[in-house]
Structures are given as C-alpha cells and as structure tokens.
Amino acid sequence: MTASHDASQTLQDEVLQAIEQRQPLRIRGGDSKRHLGRPVDGMEIDVRAHRGIVTYDPTELVVTVRAGTPLAELEAALEANGQMLPCEPPHFGPGATVGGMIATGFSGPRRPWVGSVRDFVLGTRVITGEGKHLRFGGEVMKNVAGYDLSRLLAGSFGCLGLITEVSLKVLPKPRTCTRLRLELDAPRALSKLAEWERQAIPLAGACHDGRALHIRLEGGEGSVAAARDRIGGEDLSVAYWTDLREHRLEFFADPRPLWRLSLPNHIPVLELPGSVLMDWGGAQRWLKSDMDTATLRPLVEQVGGHATCFTPDITREPFHPLAPVLLKYQRQLKQQMDPHGLFNPGRLYAEL
C-alpha cells in the first residue's frame with residue numbers, strides 16, 4: 001500500500017502567508033531537475049508531503065494523482081495494470097515527483113510518435129498567486145472546461161502556480177517491443193528515418209549516437225515483426241532507451257556543457273563543434289560543446305529551432321529567449337495567475 005496524504009490545506013496556508021508577507025516562494029518537489037532554468041531566490045515550499053493516487057480506473061485509462069507523489073510510485077501502479085505514461089518522462093534522479101514532471105514538461109524518446117506530457121494532461125488543481133485552490137479541466141477528454149490552462153501549466157516550471165493535483169490519460173503498454181541497432185552514419189540515418197515514416201513503420205524511438213542508429217519498434221506482433229524484417233540490424237539492450245531518457249549514456253558523461261536543440265524534423269546534420277546525439281528522429285539533438293551561446297543560438301534560429309542549456313552557470317538565460325510578442329503574452333499570463341510574483345520568480349526568464 002502506497003503512502004497517501006492530503007496536505008493541500010497546509011500548502012494553501014503557506015501561500016496565503018507568503019502573499020501577506022510578500023515573500024517569494026521556490027516550489028520544491030524531488031529537486032531532481034533543480035539544475036534546469038535560472039536560480040530562484042525564495043522561501044522553499046515543499047510539496048512532497050502532498051502525495052498519493054487519488055483515483056485510478058484502469059478501464060477508463062485515467063489516473064488522478066497528487067503532485068508530491070513520487071513518479072516511480074505512479075509508474076509502478078500503472079505497470080501493475082499493464083499500463084504506462086506514454087510520453088515516458090525522465091526522472092533525472094530518484095526523488096522525481098509527478099508535479100515536477102508536469103512543471104518541467106519533459107518527455108522521453110517516444111514523444112514524437114505518441115505525444116508530449118502536455119498532451120496527456122486532462123485536468124489540474126492549482127493554488128494560484130491569490131491563494132485560491134482551483135480546479136481546471138476534468139478526468140475525461142470531453143470535459144474541456146479550463147483544459148487549455150491545465151496544458152499551459154505543463155512546462156511552466158512552477159511560474160504560474162503551485163500544482164497540487166493532476167489527472168492524466170494513460171495507455172496500455174505495447175504488446176510487442178523490439179530494439180535494434182544499425183550501422184549508419186548520421187546523414188544516412190536521417191534519410192532512412194524519412195523513408196520509414198512514409199512506409200508507416202511502427203517507430204517508437206529513433207536515436208543516432210554518432211556511430212549507429214538505434215531503433216525501437218512497438219505495436220502488434222505482426223507489424224513489429226514485418227518492420228524488423230524490413231529494417232534489419234542487430235538486437236539492442238533493453239536498458240538503452242531508459243539510459244537515453246535518464247541521460248546515463250556515455251555521451252552525457254562528457255564534461256562539456258550540455259545543450260538541447262529543438263529543431264524541425266527535416267533539418268539535416270548541422271556542422272557544430274562538439275559531439276551530437278540525435279533523438280526524436282532528429283528533432284531533438286543533444287549537443288556537448290564549448291560553443292559560445294551568442295554564436296550557437298543564432299545558428300539554431302536560422303533553421304527554425306531553439307537551444308536550451310542544461311548545464312548550470314553557463315549562460316544567464318538557459319532557456320532560449322522569447323520573441324518580444326511572446327514575452328508580452330507570457331508576462332500577461334503571469335500577471336493574471338500570479339499577480340504578486342510569488343511562484344518561482346525568474347525560473348524561466350528574468351522578466352517572469
């Protein structure tokens with residue numbers, strides 16, 4: 001039996017006290033992703049005591065869970081029923097929580113083929129910057145009241161409010177999974193991936209590590225077997241995809257700064273100094289490089305992408321700067337949700 005405790009009233013009281021004292025707050029969960037974004041100067045408010053699965057109906061493929069619940073605990077409950085979080089969010093540490101999963105919005109290798117964390121959020125409960133505990137959305141897809149606001153919280157890094165609860169759509173685990181490794185250089189790998197997309201190959205992972213292309217196939221037994229016969233290659237370790245998701249591959253041990261480049265699917269290999277690992281079929285590229293921020297970001301922008309720094313203290317703005325019009329809307333949203341500027345001030349951008 002997993003631990004369950006509703007600490008929402010305590011959290012709300014702490015927020016109300018912070019409003020009264022005009023005290024900024026640093027929202028703390030498992031802290032496994034604390035190194036991401038700008039540092040926050042604020043009093044810590046810890047959500048880990050607010051934990052537990054509130055409702056879970058495997059037949060409806062919906063789970064509602066408190067934000068402080070360990071992500072591993074939720075995944076174990078789903079695993080026991082042959083289900084999963086399709087976007088396979090990274091933990092980056094043993095203490096990762098469900099709230100941190102939503103706040104950072106990061107998805108794993110399966111993301112291009114099934115969707116992101118945001119796509120599986122049905123509803124949330126949030127303590128706002130005015131100290132109100134509000135519910136947005138619901139537990140079924142057809143309930144769209146407040147649905148967009150729940151999605152906006154995914155990837156907000158806690159800047160819009162304190163998430164206390166989330167309802168998520170889950171999916172059955174695939175019936176068959178095959179993992180393959182093919183000796184291809186990066187340009188040839190991108191060409192092959194484009195070809196396989198047109199052939200409706202059941203891809204659920206595609207990563208090039210600089211030496212070889214790693215492929216994951218998921219689906220029915222017949223479709224996976226047929227795709228394997230067409231693609232070829234040798235069997236790959238089961239652990240590879242988890243190690244990729246959790247940044248445990250040898251590539252990530254490189255001491256140089258780590259950058260995440262998000263690019264359109266069709267972009268060819270970019271000539272950048274450093275080492276590159278291509279995930280998401282080439283749409284997400286991890287770069288280990290000492291390249292200067294002011295040089296890297298314009299190059300990425302020229303091909304329609306953006307660059308985020310995952311290594312602390314390398315740049316004053318780890319997240320790619322927003323265009324002025326987008327920053328304007330972000331500031332307006334922050335003002336509406338958090339008028340006193342309490343929650344994680346400056347975590348995403350200095351202006352927020």
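This is a short tour of one predicted model, stop by stop. Local features here need pLDDT of at least 70, side-chain atom pairs count only at pLDDT 80 or more, and totals for chains, interfaces and linings use all residues. Residue numbers start from 1 along each chain as its sequence is written, and side-chain values use heavy atoms, with hydrogens and water left out.

**Stop 1: the sheet**

Helices (H or I, at least four residues) and strands (E, at least two) are DSSP runs, numbered from the N terminus. Strands pair if DSSP finds at least two bridges between them. Select the open sheet of 5 strands, and you can walk across it in the order β3-β4-β8-β6-β7, with antiparallel pairing. β3 (53-57) and β7 (133-137) are the edge strands; each has a single partner, so one side of each has no neighbour in the sheet. From one strand to the next, the twist averages 10°; axes are lines fitted to C-alpha atoms, for helices over the stretch in contact, and angles run from 0 to 180 degrees between N-to-C directions.

**Stop 2: strand β6**

Now pick residues 121-127, which make up β6 and pair with β8 (residues 162-169) over 6 antiparallel bridges. Glycine 123 faces serine 167 of β8, and isoleucine 127 sits opposite leucine 162 in that strand. Turn to β7: 5 bridges join it to β6, again antiparallel, and threonine 124 has phenylalanine 136 as its bridge partner there. The hairpin of β6 and β7 has 5 residues between the strands, and glycine 131 takes a positive phi near 80°. How much of β6 is buried (under 20% relative accessible area, with exposed over 50% and partly exposed in between; 1.4 Å probe, protein chains only)? The count is 6 of its 7 residues, so β6 is largely enclosed by the rest of the structure.

**Stop 3**

**Stop 4: serine 289**

Jump to the loop between β16 (284-288) and α9 (293-302), where you'll find serine 289. Its relative accessibility is 2%, so serine 289 counts as buried. Leaving out residues up to four places away in sequence, serine 289 touches (heavy atoms within 4.5 Å) Arg256, Pro257, Trp259, Pro273 and Gly274. Proline 257 is 32 residues away from serine 289 in sequence, yet their C-alpha atoms are 5.8 Å apart.

**Stop 5: the aromatics**

Finish with the rings of Phe, Tyr and Trp (its six-membered ring), which pair if their centres lie within 6.5 Å; planes under 30 degrees apart count as stacked, over 60 as edge-to-face and the rest as tilted. There are 8 aromatic pairs by this rule. Zoom in on phenylalanine 106 and phenylalanine 310: the centres are 5.5 Å apart and the planes at 45°, so this pair is tilted. Phenylalanine 106 is in the loop between α3 (98-104) and α4 (111-114), and phenylalanine 310 in the one between β17 (306-309) and α10 (324-337), so the pair ties together parts 204 residues apart in sequence. Both phenylalanine 106 and phenylalanine 310 are buried.
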